[in-house]
Structures are given as structure tokens and as C-alpha cells.
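Subject: Structure handover

Hello,

Here is the structure for you to look through. My notes on what was found follow below it.

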Amino acid sequence: MSALKVCIVSSEAAPFAKTGGLADVAAALARHLGKKGHDVRLVMPLYQRVQQGKWKLEPVPGLQDVPITLGSKRTWFSVSTTELPDSKTRVWFVRCPELYDREGIYTQDQDEHLRFVLLNRAAIELCQWSKWAPDVFHVNDWHASLIPLYLRTVYGWDRMFQSTKTVLTLHNIGYQGIVGADKLHDLGFEHFANLLHQEHLREGKIGFLETGLLYATAVTTVSATYAEEIQTPELGMGLEGLLRARRDALVGIVNGVDYDVWDPRHDELIPARYSPKDLKGKRACRAALLAKYGLAAGPDAPVFGIVSRLTAQKGFELAAEALPVVLHRQDVRLVVLGSGEERYQNFFTSLQRSFPDKVAYATGYDEALSHSIEAGADLFLMPSRYEPCGLNQMYSLRYGTVPIVRRTGGLADTVQEWNGRTGAGTGFLFDEFKGEALLDAIARALGVWRDEQAWNRLVQNGMAQDFSWEKQVRQYEALYERLLGR
Ligand code: ADP
């Protein structure tokens, strides 16, 4: 396969700026495509936190103080690059202090849309300035999804992009970048309004994501099941019609796991290393996790773990119904790491207060603790309402921590129900979005927990799963090749 030029555009990339899975996926895809010999650029904003980080940023000559007009605002951007850690791939940061020098990655500010209009336009212009014509613009989520239409309109004159294809990856359609129609001028589409979603425009709205859906050459999402689910009214979030219309261009490709970072054999963030052949280290991690929170537990009391953003998507209403019952009736422990909506934070705080000997709850964002929970827990809970892919269940499998998940999106594609008869399966699934259904799955899991031999088999099955990027990246390569007619 010949090397491709791929420009990946994302609002987040690990380790520079991360709020969730998107950051891991954008960086891993860039790294692994680079490893396979492709010429990859990863473009993202130079947020304040990146500027203040330890990165060695090199200004790109010729791409300093480039003037750009966004609606009636005149501003300037510059580009700096650095190497993506563990790779030869370069990250291209768009610097515009006026728009990006703010505390958060995302803001509620009036000009939030302009911050990402600039990202889209600067990604295209930095290719122009450096005379680098990508074979593929791979754009991620709403923040980068105006690029396909920009290439046809504002930058349509530039023959450089004549054969460039665009791939839009949907990591979560719960976030669509909807702005008022009065922003038409800011977006630069005042002469191209006829190309936007007409019905929504009449209703006074423009959606970044839907515009990408209309014009991307291909659309991917991060699991096959989610690709189906988003074509239904239940999970389509209003985009189901558009997604059905584009179903021939839509594919699901499950995210990979970065096993350089997430593998108990060499994870430096956990108290002891271990492998499927020798699980002593896992027992040490478990003991250390419980000791950290002053929770006592013998080998018979299983430890449940949760690491999550606390949002409605993650299904913690079900946890609120099921967990008090389990904690009352059973000798179990629970360690939770997560922050987000106040109602869920309050729930976990009060759960800890009601069961101080059984529950520990930590808030904030803590990379090391997230690894320690994956390693130290016996079971991992993800009762998601919807889950485009989900990473933690795949991490859990590798760490010998049995996932209990709702059968939705990527969870359905990566966890198989345990079958006591055949000894196959990697976890426990439930269908209905009900506390009872979660309780039932937990009861099944605890039944197997008491059977040491079966439990070991279940753990070994999970640890043997391979969701490596080396495998997953081939599917993106195949997609690019197909689009390019190679
Ligand atoms: P989403 O992208 O919807 O948040 P994913 O499961 O795809 O869900 O990815 C979540 C990522 O964020 C995982 O790497 C997880 O470990 C991490 N994460 C979530 N909350 C926290 C937290 N409070 N501290 C550390 N890591 C977290």
C-alpha cells in the first residue's frame, strides 16, 4: 500500500488536551497511521494548557501571524509543531491567543463557534501554505466538521484539494455544535446558505455536525452497533434521517486500545505489575486500592470499580437504583472515580456516607487513580444509556476486571456474555434500561464470582482479547484506499 497524506483534525488529542475518549482516539490513530509509514498531520488548537505544558513547540516558518477574517472579526493565527510522543507524527497547533488562551478546552463563551471555525479554516490554510495536499482530511466530531463544506465553497477555488477526500468520525452525536442562523456570516457561508440543511436553517439553526454529515465523503463511527443505533429515533438525536440517507457512506470501526499505556504487564501507574499467567500483582493492586481508602475486604468480597464522566449518557440512574440494594445485601466494595453533573456526584457522596465501610468515592480527574481502579477492581460497571464505543470496558478486560455493561453501542460489540456451559464469554450484559436489569446482571456476576474455577476462566478470556490499534488502523487504511479508488 502506498503512503497516504492524512490530515487529522480534532479538538482534543492526548496527552496535550483531553476531556474524554476522543483525545485518546485522535492521538492513537495519528500515531499508528504514522507508524505504518503514512504522512500524517494532527491539527488541533493551541489551548492555554498546551501553551503552559512542557512541550517543545517549534514555530513553523511561513505560518506566523497569518491574517484571517471570521465574519466581521479580523484576527491572526500562527502554527507551531511538536512530535506526538512515541511517534514521528507531528502535531500542528493552531495558535490564536485571542480565541484559545482560556482556562478550559471548551467554553460557554459567546464566540465558542469562532474558536472552532478557526480550527477548520486554519487546518485547510496550513495545508495551502505548506503546499501539502492531503489525500484525506479525517475530521472528528462537530468541532472539525465544517471542513468538507469549506473545501467545496470558501476554498473551492483551490485545485490543490481537487482529489482530497473527507472522512468524518462521529465519536458522540450527543454534541452537535448547533448555532443560531445569525452566525451564517461568522461561518463564512453567507453566499452558500443554499448548501446548508434547509429545514433547520428555516428554523433558525445551523449544525456543525449535520453540515459535516451532508458533505463528508465518508462517515465513520466508533462501533458497528452505534452505527446502526444512530439511524433510529431512540439514539439518533435528531440526526437519524440524515444518517439513514447516508447509510451507504456510514461504517462502524471499533476504537483500538493503546496497550502501551493500558496493560498491567508494564503499567507504571499501578502498584504492581501482572500478567494472565501470574495474577499475584492484581491481588496486590486490589489490596493497595482498598487500603488507600481504608476499606477492609477479604478475598471473598468482590470490588466493583467505576471510572466515568458523570453525565446522563452513562446511565447512573440505574446505579442509583441498583447499588444501594447490592450494598445492603451483599459483602461487596465499590470504588468510584468520576466528576460531572451534581446530581450524580451527590448520589455517590451520599452512597459513601451510607456505606462508609464499603464505598469510596473520588472526584476530579486522576489518570493514575483510573489505572489503579482498573487494576484493583474485580468488576467494572458501565450501565450506559448509550455508548458510541467506550474504552473503559476494553481496559477492564485487559486488566482482568470483569465488565458489567448495558448492551448498547460499543459495549455490545466488545463484551460477550459469560456462558457457564461452554466457558466462553468475557462479561455480563443487560438490555433494558432498568435498575432491575442491572441488578440481575450483577447477581449473575456474583454467582460466577463464588465459583473460583469459572471466575478464573472468565478473567483469562477477557485478558486474552485484542483490541489493539495495530489491528483497528487497518480498517481506516482500507477505507481511505477505497475512497481514493486505489
Ligand atoms: P467518554 O469519551 O464518553 O468519556 P470513554 O470510555 O470512551 O468515554 O473514554 C473515557 C476516558 O476518560 C477513559 O480513558 C477514562 O479512563 C477517562 N476518564 C473518565 N473520567 C475520568 C476521571 N475522572 N479521571 C481520569 N480519567 C477519566
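Please keep in mind that this is a predicted model.

Cysteines

Cys389 is buried, with a relative accessible area of 2%. Cys127 is buried as well, and its relative accessible area is 0%. How many disulfides does the structure hold? The number is zero. The cut-off for a disulfide is a sulfur pair within 2.5 Å.

Two packed helices

Two packed helices are described by the angle between their axes and the distance between the axes. Here the helices are α12, residues 316–329, and α13, residues 342–354; they pack at an angle of about 5°, and their axes are 11 Å apart. This angle makes α12 roughly parallel to α13, because angles under 35 degrees count as roughly parallel. On the α12 side, the contact is made by Phe316, Glu317, Ala319, Ala320, Leu323, Pro324 and Leu327. On the α13 side, Arg343, Tyr344, Phe347, Phe348 and Leu351 take part. Sorted by class, the contact of α12 with α13 has 10 nonpolar residues, two charged residues and no polar ones.

Aromatic rings

The structure holds 17 aromatic pairs. One of them joins Trp262 and Tyr399: the ring centres are 6.2 Å apart and the planes are at 80°, so the pair is edge-to-face. Where do the two residues lie? Trp262 is in the loop between β12 (250–252) and α11 (280–292), while Tyr399 is in the loop between α15 (392–398) and β17 (402–406). The pair therefore ties together parts that are 137 residues apart in sequence. Are these two residues buried or exposed? Trp262 counts as buried at 5% relative accessibility, and Tyr399 is buried at a relative accessible area of 0%.

Phe348 and Tyr361 form another pair, with ring centres 5.6 Å apart and planes at 40°, so this pair is tilted. Phe348 sits in helix α13 and Tyr361 in strand β15 (residues 359–362), and the pair links these distant parts of the chain, 13 residues apart. Both Phe348 and Tyr361 are buried. The two also belong to a cluster in which ring pairs link Phe316, Tyr344, Phe347, Phe348 and Tyr361. Of these residues, Phe316 is part of the helix contact on the α12 side, and Tyr344, Phe347 and Phe348 are part of it on the α13 side.

Regards

Notes:
Residues are numbered from 1 along each chain as its sequence is written. This is a predicted model: local features need pLDDT of at least 70, side-chain atom pairs count only at pLDDT 80 or more; totals for chains, interfaces and linings use all residues. Side-chain values use heavy atoms; hydrogens and water are left out. Buried means under 20% relative accessible area, exposed over 50%, partly exposed in between (1.4 Å probe, protein chains only). Axes are lines fitted to C-alpha atoms, for helices over the stretch in contact, and angles run from 0 to 180 degrees between N-to-C directions. Helices (H or I, at least four residues) and strands (E, at least two) are DSSP runs, numbered from the N terminus. Angles under 35 degrees count as roughly parallel, over 145 as roughly antiparallel, 65 to 115 as roughly perpendicular and the rest as oblique. Contact means heavy atoms within 4.5 Å. Ala, Val, Leu, Ile, Met, Phe, Trp, Tyr, Cys and Pro count as nonpolar, Asp, Glu, Lys and Arg as charged, and the others, Gly among them, as polar. Rings of Phe, Tyr and Trp (its six-membered ring) pair if their centres lie within 6.5 Å; planes under 30 degrees apart count as stacked, over 60 as edge-to-face and the rest as tilted.
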